[in-house]
Amino acid sequence: MNLHAGRIAPDIGALKRQAAELRGKAIAMSHASGSAHLGSCLSCLDIMTVAYWDVLRLDPANPTDPLRDRFILSKGHAAMALYATLATRGYFPEAELATYNKDNGRLAEHPPANLLPGVEAATGSLGHGLPIGIGMALSGRIQGQDYRVYALLSDGENNEGSVWEAAMFASAQKLEKLCVIVDYNKWQATARSNETLQLAPLRDKWEAFGWDAHEVDGHDVAELSEKMRNLPNGSGKPVALIAHTVKGKGVSFMEDDNNWHYRAPTAEEVVLARQELGLA
Amino acid sequence: MRNEFADELTKLGNEDPRLVMLSGDIGNRLFDKFRAAHPSRFINCGVAEQNMMGLAAGMAMSGLRPVTYTITPFVTTRCLEQIRTDACYHNVPVTVVSVGAGLAYAGLGPTHHACEDISFLRSIPNMTVICPGDAWEVRAALRAVMQQDGPAYIRMGKKGEPLIHPGVIPDFKIGRAITMREGTDVCLLSTGNILPEALHAAEDLAQHGVSAQVVSFHTVKPLDQDRLRESFARFPVVATIEEHSLIGGFGSAVAEWAIDNATLPSKRLIRIGTPDAFFKLSGEQEFARECLGLTGHQIADRIRQALR
């Protein structure tokens with residue numbers, strides 16, 4: 001168990017470098033496999049980095065430790081971000097990233113159940129991760145365990161009714177060790193999220209559902225660290241972080257361009273992207 | 001069945017600290033004893049079945065044994081994807097218990113009828129499907145699923161059904177059918193809450209000189225293959241009886257098995273169940289059964305025709 005996480009001050013520079021590296025790995029996977037959803041991966045990788053290198057109490061050598069903190073990637077289409085994170089964090093060999101979306105591999109386009117260490121829940125159908133996380137948080141309470149549960153949702157995922165069933169339930173149950181992070185990159189698969197189903201004002205909605213809701217910069221690792229570490233935060237409520245992000249973050253020609261929901265980078269674009277990320 | 005379910009659940013809750021009861025805002029007072037004994041392990045999840053099923057899966061992933069409970073269509077169809085993806089794909093011990101199987105809530109109208117749930121749930125990998133024939137089978141089934149590790153579905157009637165078994169069923173086993181009555185001319189395989197009608201049919205047939213065997217086939221998945229093999233070998237006519245659609249239910253499961261095992265050509269299989277239609281008239285279960293040909297004497301008539 002990583003007992004230091006959350007106790008010593010985060011090394012902001014190191015976290016930023018880590019996030020850039022993970023972006024490079026996700027871009028490589030997308031290029032090698034021709035896979036979609038790269039923009040969604042890049043928007044959430046600062047959050048993932050803070051979770052796995054600063055906040056979560058975890059032990060990659062003992063991935064099913066009953067006392068570990070849980071992190072559920074509810075937006076399962078960002079699987080490349082999760083795989084890059086888990087491999088780099090030591091859950092499985094980094095070389096396995098090359099098998100992403102290849103025949104006979106463990107790294108499918110959405111995270112699998114009971115197959116890959118570190119994957120807490122199979123996701124890919126939206127609106128499932130939060131209820132599962134609630135079950136985990138309730139289990140912790142019932143069994144007298146101290147772990148915390150984090151669920152990362154996409155903004156488009158907030159279209160799902162099950163999210164709001166879960167939101168009302170979690171606040172009624174005062175699940176103060178539960179944290180939702182909404183990767184609010186303002187896009188869903190085919191359109192602006194606010195023009196599809198109106199999310200705004202999103203923080204107000206979560207607050208109205210009984211959560212301690214905050215708006216944060218989803219690319220500010222120091223702010224994310226402070227908010228995500230602070231759980232329970234004394235409010236007696238579950239915590240919702242509305243993380244303002246940019247789809248395709250870190251690569252100028254991908255940022256806020258929703259074509260990168262579906263297209264994969266060419267070899268030349270990979271080189272350019274790596275230069276921008278300082279990885280060249 | 002539901003009162004005996006609540007009673008057995010309370011006993012099991014006393015024995016197993018992992019058992020958690022999740023209700024979809026029904027069962028007013030039904031679970032008072034369980035709640036009193038285990039307040040932290042009774043949770044009213046409200047009228048939000050998708051969340052209830054997802055959180056049950058999360059609990060099961062974290063070492064608990066959740067039981068989810070509400071009226072049949074809402075604890076099955078309403079949250080079918082959560083059952084499939086969260087509970088069955090992860091293959092975790094969530095027990096889905098439904099009240100109001102088939103036409104048990106006939107009077108509440110088609111929104112509350114449940115004649116498709118067996119079809120939906122038995123097609124999902126890892127799922128066990130149990131349709132108890134009486135309250136003793138409910139108790140035994142609940143106890144049995146708590147001993148296994150995967151997801152399970154228990155489909156109950158409502159309250160006040162006749163008790164068929166004399167008491168505790170000592171050797172109840174998931175996937176092993178129970179002979180309720182011996183016979184030589186025809187074999188009636190009944191699943192679920194229509195078991196009393198199957199027995200009435202056998203009485204009726206006996207009065208007409210036909211000896212009917214009656215089997216409570218409480219588990220639809222996995223099927224008791226040994227029993228099917230034996231039944232098709234011994235009897236010229238085998239009938240399946242269920243309060244469920246003829247499409248995809250118990251009879252379908254038996255027909256699939258018979259075709260796959262090349263058993264059918266020399267034997268006749270009769271499937272008795274509800275038609276491919278919503279039943280829209282008002283009226284209680286007995287009336288609905290009469291309209292749809294599911295009472296004991298109607299079943300007996302069908303069998304006699306088949307034997308001619």
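Modeller: In chain B, among contacts (heavy atoms within 4.5 Å) with a separation of 6 or more, 76% are between residues 24 or more positions apart. The model is predicted, so local features need pLDDT of at least 70 and side-chain atom pairs pLDDT 80 or more, while totals for chains, interfaces and linings use all residues. Residues are numbered from 1 along each chain as its sequence is written, chains are lettered from A and ligands numbered from 1 in the order written, and side-chain values use heavy atoms, with hydrogens and water left out.

Chain B has 12 helices and 12 strands (DSSP runs numbered from the N terminus: H or I of at least four residues, and E of at least two). Its 308 residues would give a compact globule a radius of gyration near 19 Å, and chain B agrees because its own value is 19 Å (taken over C-alpha atoms; the globule rule is 2.2 Å times the number of residues to the power 0.38). Along the principal axes, the C-alpha atoms of chain B fill a box of roughly 60 × 40 × 35 Å. In chain B, 61% of the 308 residues are buried (under 20% relative accessible area, with exposed over 50% and partly exposed in between; 1.4 Å probe, protein chains only).

Chain A has 9 helices and 5 strands, in the order α-α-β-α-α-β-α-β-α-α-β-α-β-α along the sequence. The C-alpha atoms of chain A fill a box of roughly 50 × 45 × 35 Å along the principal axes, and 56% of its residues count as buried. Of the contacts in chain A between residues at least 6 apart in sequence, 77% join residues at least 24 apart.

Now the pockets and cavities. On a 1 Å grid over the protein atoms alone, a cavity is a set of points where a 1.4 Å probe fits but cannot get out; a pocket is an open set with protein on both sides within 12 Å along at least five of seven lines; lining residues have an atom within 4 Å of a point.

The largest pocket has a volume of about 380 Å³ (the space filled by probe spheres set on grid points, which are joined across faces, edges and corners). Among its 22 lining residues, T64(A), R68(A), V119(A), E120(A) and M61(B) lie nearest the centre. The lining has 12 nonpolar, 7 polar and 3 charged residues (Ala, Val, Leu, Ile, Met, Phe, Trp, Tyr, Cys and Pro are nonpolar; Asp, Glu, Lys and Arg charged; the others, Gly among them, polar).

The second largest pocket, of about 270 Å³, is lined by 15 residues, with C115(B), E116(B), P275(B), A277(B) and F278(B) nearest its centre. Its lining splits into 9 nonpolar, 4 polar and 2 charged.

There are 2 cavities of 30 Å³ or more. The largest cavity holds about 90 Å³ of space. Among the 13 residues lining the largest cavity, L58(A), R68(A), D69(A), Y91(A) and E120(A) are closest to its centre. That lining has 6 nonpolar, 2 polar and 5 charged residues.

The second largest cavity holds about 40 Å³. Its lining includes V119(A) and E120(A), along with F71(A), I72(A) and L73(A). Strand β1 (residues 70-73) of chain A gives the largest share of this lining, 3 residues. By class, the lining of the second largest cavity has 7 nonpolar, 2 polar and 1 charged.
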